[in-house]
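Hi,

Here is the structure I said I would pass on. Have a look at it first, and my notes follow below.

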Amino acid sequence: MASKVLVFCEIKKGKFKKGSLEALSEGKKIAAATGGGDVTAVVVGGSDAKDLASSLGQYGASRVLVASGDWLADWNSDAMTRAVVLAAKAEAPEVLFISATLDGKDLAPRVAAALDVSLGSDITGATVEDGRLVLTRPVYAGKTYVTLKLSGATQVVSVRPNSFTLETDGGDAAVEDLALDFSADDLKVKVISVEAAASEKPDLTEASRIVSGGRGMKGPEHFELLETLAEEIGATVGASRAVVDAGWRGHGDQVGQTGKTVSPNLYFAVGISGAIQHLAGMSTSKCIVAINKDKEAPIFKVADYGIVGDLFEVVPALTAEIKKIKG
Ligand SMILES: Cc1cc2nc3c(=O)[nH]c(=O)nc-3n(C[C@H](O)[C@H](O)[C@H](O)COP(=O)(O)OP(=O)(O)OC[C@H]3O[C@@H](n4cnc5c(N)ncnc54)[C@H](O)[C@@H]3O)c2cc1C
């Protein structure tokens, strides 16, 4: 039976999160694999949400349901949950995709609980077998993968950013209003203020290239080396917990079990030993390059390319070579 797919598309700073667009593209594939079901996007946001909504057609949506208003501009878990649950009840989809962004990880379990259906969290793979969704997700710090088949009429699935390919070959989407049955006064949560980090760089969880530094960097002043390399290849700089604990970088930069989970196309681990807790956050990266002076460092076990050497020689040489190639 053709599956109806609903995809929640999150807006941040006036544009859709890349992870949401990837979820939409994947939703289109899933719908096609089950015989061509509808793909509907649901968007909740400020007054600009409606203008942004029509662009979702190219990523695979055939319809977009939009709830907009100034009072919905900032993320509010209560408002988002109520709106998405409302859309899910009206649409009755077989699959509801939510990108596992920071806010998406908050939303997905709330929606699944409110609908009283099963949830697949932080999924990195999806296929269809006998008309049913089969999901994969890494467990035990990325050491192995589990395969999930969710029961119930609607399956809520949070999808790890950078796990699915973004397709832009869709068509036009019809934009419709999602009439809400609640107002700002009904919300149990009030957003008082939002203090966003000043960085213009993509968040680590969405970055397609990351250059991370570990204790081997020897001090915060040497992160300039990584910033320069990152600038050349369009990457975001991350860090191990040892670096964050030492106060060399902010906690927002930490990759790992107690930091961010990332899945970029390219991950540089520079002066990072590769402790299991660090691997937990980055082992699903598509290509891992490790630079470490200790050839026995565990990071080399997961690396696609390993450079054994002093990072203070290797990183500047690599950056210079990339500059030369770029002209
Ligand atoms: C409950 C718990 C949660 C944790 N969560 C996280 C987490 O989220 N993220 C995380 O990263 N860690 C986490 N940790 C900590 C983790 O166990 C490691 O202690 C940490 O990852 C080590 O960081 P590191 O690799 O930068 O430092 P080290 O293990 O000290 O490694 C430094 C590396 O740099 C290399 N090096 C030194 N000098 C040079 C040089 N000049 N050139 C090249 N290489 C050099 C060394 O050979 C070494 O391999 C957690 C630990 C616990 C117990």
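**Around the ligand**

The ligand has 26 residues around it, and R215, S240, T258, S273 and N292 are the closest (a residue counts as near if one of its heavy atoms lies within 4 Å). Before you read on: this is a predicted model, where local features need pLDDT of at least 70, side-chain atom pairs count only at pLDDT 80 or more, and totals for chains, interfaces and linings use all residues. Numbering starts from 1 along each chain as its sequence is written, and side-chain values use heavy atoms, with hydrogens and water left out.

Now the polar contacts (pairs of N or O atoms within 3.5 Å). The side chain of S240 has an N or O atom 2.6 Å from an oxygen atom of the ligand. For T258, a side-chain N or O atom is 2.6 Å from a ligand nitrogen, while K293 uses a backbone N or O atom, 3.1 Å from a nitrogen atom of the ligand. By class, the shell holds six nonpolar, 14 polar and six charged residues (Asp, Glu, Lys and Arg count as charged, Gly as polar).

**Aromatic pairs**

There are two aromatic pairs (ring centres of Phe, Tyr or Trp, its six-membered ring, within 6.5 Å; planes under 30 degrees apart are stacked, over 60 edge-to-face, the rest tilted). The F8 and W75 rings have centres 6.0 Å apart and planes at 75°, so this pair is edge-to-face.

Cheers

Key: A polar contact is a pair of N or O atoms within 3.5 Å; within protein, one must be able to donate a hydrogen and the other to accept it, and residues adjacent in sequence count only if both atoms are side-chain atoms.
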